[in-house]
Amino acid sequence: MRWIEKQRNILDFTLGSLLRRRGKSLALLIVYSLVIFMLASVIFFTHAIKKEAAVVLEGAPEMIVQRLIAGRHDLIPKSYADTIREIKGVYAVNGRLWGYYYDPTNGANYTLMVDSDLNDTAGSIVIGKGVARNLPGDNYGAIPLKASDGSYLFLKVGGILPAESELVSADLILMSEKDFRRMFGIPDEYVTDITLQVRNPKEYTTVATKISQLLPDSRPILKEEILRTYDAVFDWRAGILIVILLGSILAFLILAWDRSAGLSVEEKHETGILKALGWETSDILLMKFWEGVAISLTSFLVGILAAYVHVFFFASGLFEPVLKGWSVLYPEFRLTPFIDGYQVATLFLLTVVPFTIATIIPAWRTATIDPDTMMRT
Amino acid sequence: MLVNPPILALLIFSALASAMLLYSCVYGIRIIKGWNIKSGSEYQLSLERRTYLISTIINYVFVFQLLSFFVFIYTADQLHTVFAGAMCAAGTLNLNEWGYRTVLLKFLTCVFSGVWLLINYVDNRGYDYPLIKKKYGLLLLIAPFALIEGVVQGLYFFGLEPDVITSCCGTLFTSENEGITAGIVSLPRLLVQGAFFGTLALTVLLGIAHLRRRILRGYPFALSSIAASAASAVAFMSVICLFFYESPLHHCPFCVLQKGYGYIGYPIYFSFLAAAVSGPAIAVLDPLNRIESLKTVVPSVRKRLIWLTLGAHSLFAGITIYEMIFSKFQLQ
Amino acid sequence: MIELKDVRKVYNAGKPSEFVALDGIDLSLEAGRVTVLKGPSGSGKTTLLSLLGCMARPTAGRIHVFGREITSLPERFLTEVRRKTFGFIFQQFQLIKGMTAIENVMIPAYPSGERRAELKARAEKLLEMLNLSHRAEANAEWLSGGEAQRVAIARALINNPAVIIADEPTAHLDTKLAREFMEIIENLNGGGMTVLIASHDPLIHESPGVDHVVTLKDGRIVSQGAFQCS
Ligand SMILES: Nc1ncnc2c1ncn2[C@@H]1O[C@H](COP(=O)(O)OP(=O)(O)O)[C@@H](O)[C@H]1O
Ligand SMILES: [Mg+2]
């Protein structure tokens, strides 16, 4: 009980003295929050976009087979699908048709994809939210798309995709097979790539090897591999950004050190009074501890909150170009908000821990002022 | 080398902690050499002031080290998405020879610095600093652990090659392999369960006896607590985890840390760690009690420590026994 | 109750600026008396007070407070002894600016972990005793010299000390306030308080309440006794 009362009393005193020196504490608080804000933005963003990528790929097939000609991805004959279907343990083998379309009026790239549900209603399409934003007005009517022979196809907008993850569907245009083949002039016996599922996850590699043997000009791609690459790429980017930000952390630490080492005459005087009045070195250290807690906690909350708003409501405007590295397709897509204890712990290790360590020695210096100095001033 | 924010955070923390510990050691040596409580010289006064600094440093380092222990394991766990073959921390730690060593060293650093802080706490309550030289001698022994831990962790992260294919819990923790883990996993279940419940019951009994001063010495309780910790670890790997995974073959100690199991692994690890620190600390108190200036200090510390140890063991047992009873999976 | 045996205090020992501030001090203070230390500036009065009051440690010699040897006590115990035994009044009051009078009075008791409400009640009582209740919530900066002095006295009393130590308490007060101060001190002494004052203010030396006068010169005691020698 006494212990708790003591903490309360000293905490009370500490908060009072911090408030009395509002101006000085404020400068540190702002810089501290700013550092946390930057780091938190990077961490939240990477985490969210990794999650997003996982969502994107969740519905994707376990394996995709592409055909390579002269080292480049090319159209694949439908007959390949039959060969693959023969392999044991393989099911749901399907040909896919998809491609990109550059819209000169908006300067945007769209992803065009065939949806078998639309095959009966040729001439109508379903578009993503990003595409919809690029169209004038609310009533979309029909969109003109330029075909490969120079003619225009006018396709009616039949619906807008629900945005579970904007990243997945923002730039998407779904159409019927007939319209797609007409647009790009792709012969009936070809598709863009082939997707398949494998019954036993342990056999992915075996099946992939088999396909490469049976169809030497094909390239099987595992979903797992794509995910792994995404993760590695985004982690790496965030890592590099943080290495760059390390400079600012260091500058901040020097500031923190300086602030707590270069106490004003008034603060030194105050500590001297406390010691003369019967506060012990460890009481002053306790006071410094609470001071650190108050400052760190405030900055941490402010920084994290600001980063949250920045990343999830303002689409991380500050870091977007570096981190996203996607095409310019997604002018304002929003990430799904997501924070967990791990990200917070990482942030804590990156900011609060170095701050605390940097202030131990200066705090101790202050705390060990001789009490009798007070009798001579 | 893999760079991501948590890895950087861990590396930076280790560097900072190592620097602070080295700094403490320098003054530790001076204290061992020059301490003379009878003297009123300025040098002695400055040494006395330093003890405050060193206590503060170790206090913070200990708390942050605990945090870094969990962040490290979580990071290893998260990395499984980047490496082929890894499904949890078991696989990523196995990517090179430094992974498991880091975990072990982090664990030992936590235990040692916890014990050191206890000795420090007791010593500070004696009016003549009875343990000062021993305490700083011990610090000189402990600091290298933390330094080596930092280096080994660095080697682990720098040695991560994303194209390495690793083996994970499925193959690491089976009885078909050789080595310690295989040995643990293939132990007879009844024996393991018997040892787990037996040491726990013994620890509780000895703890209560020690509390009531029926047994004056602390060693029996400390030893049985250490035995209970060891039995808990073994039982967890060989039997208990099966109930969490609801599978008769999955023996991984790390998968429980994942979201799929409601992060239940963290309280389990935490209680395990708390018991592992506080149990051995009881044994340290015995010789201290013979020191004149600590006679009034030790009993109250001992009491609290016994409760802490018992509480930690009970939390561990509580969670695991609950799972063993209510799990859908049951042993035949 | 407080005994010094062959106490010596050297500043900057071993350096060229080495200075022996006190040497060969043998002194015994008895409970319930008002003792005054006098002597010219630089004679070591403040140094002696800080040693007596457990604020600093002697370079050599022994100090006993209530029979307890304090010279080789670790800082945390020394501070505890100091907090429980002594109340200090400094030359320049040394109130913390920006805090109210009553908060200033409470500060010395914070580390002992007392309930805040009880502590506050005690502080209010002390202020009332010193006729300062109306200024309790006033900022320390805006107190007059006399008020500040009385707040400093209240603060010295908050931990119920056995001994009040005051260093040049009247240096910043006019004659009227200095008399008032001595009256308060005499009242406290009447209640059984031991008082120790260092001062070269004749007003204090001549004050009727003083029981014992110790004269210092160049760090040594040149005379002591119940008589005032001016
Ligand atoms: N920290 C210190 N370092 C060096 N000399 C000091 C220190 N404190 C006091 N002194 C010296 O000790 C002598 C006695 O000082 P003090 O006790 O303040 O005398 P008084 O209070 O009688 O004026 C003075 O000459 C002063 O310069
Ligand atoms: Mg003086």
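How many residues of chain C are in contact with chain B, and how many of chain B with chain C? On the side of chain C there are 12 residues, and they are in contact with 13 residues of chain B; contact means heavy atoms within 4.5 Å.

## Basis of the report

This is a predicted model, in which local features need pLDDT of at least 70 and side-chain atom pairs count only at pLDDT 80 or more, while totals for chains, interfaces and linings use all residues. Residues are numbered from 1 along each chain as its sequence is written, chains are lettered from A and ligands numbered from 1 in the order in which they are written, and side-chain values use heavy atoms, with hydrogens and water left out.

## Chain C against chain B

Between them, chain C and chain B bury about 1200 Å², with 45% of it on carbon and sulfur atoms; buried area is the accessible area (1.4 Å probe) that two parts lose on being put together, summed over both. Within chain C, the residues that lose the most area to chain B are Arg57(C), Ser72(C) and Arg76(C), together 43% of what that side buries.

The rule finds 1 salt bridge across this interface, a salt bridge being a side-chain nitrogen of Lys or Arg within 4 Å of a carboxyl oxygen of Asp or Glu. Arg57(C) and Glu48(B) meet in a salt bridge through their side chains (2.5 Å, N to O). Strand E1 (2–11) and helix H2 (75–85) of chain C each supply at least two residues of the side that touches chain B. Helices (H or I, at least four residues) and strands (E, at least two) are DSSP runs, numbered from the N terminus. H2(C) provides the largest share of that side, 3 residues.

## Chain C against chain A

Here 33 residues of chain C are in contact with 26 residues of chain A. The area buried between the two chains is about 2800 Å², of which carbon and sulfur atoms give 56%. In chain C, Gln94(C), Tyr110(C) and Arg116(C) lose the most area to chain A, together 19% of what that side buries.

Across this interface the rule finds 3 salt bridges. The side chains of Arg83(C) and Asp283(A) meet in a salt bridge (3.8 Å, N to O). Helix H1 (45–52) and H2 of chain C are the elements that give two or more residues to the side of chain C that touches chain A, and H2(C) gives the most, with 5 residues.

## Ligand 1

Ligand 1 lies between chains A and C. It is surrounded by 13 residues, each with a heavy atom within 4 Å of the ligand; the closest are Arg376(A), Gly42(C), Lys45(C), Thr46(C) and Thr47(C).

A polar side-chain atom of Thr47(C) lies 2.5 Å from an oxygen atom of ligand 1. For Lys45(C), a backbone N or O atom lies 2.9 Å from an oxygen atom of the ligand. A polar backbone atom of Ser43(C) is 3.3 Å from an oxygen atom of ligand 1.

## The two domains of chain B

Chain B is divided into domain 1 (1–169) and domain 2 (173–332), with bounds that come from an automatic or database domain assignment. Their centres, taken over C-alpha atoms, are separated by 23 Å. In this pairing, 29 residues of domain 1 are in contact with 27 residues of domain 2.

The two domains of chain B bury about 2400 Å² between them, 81% of it on carbon and sulfur atoms.

Key. Polar contact = N/O pair within 3.5 Å; in protein donor to acceptor, adjacent residues only side chain to side chain.
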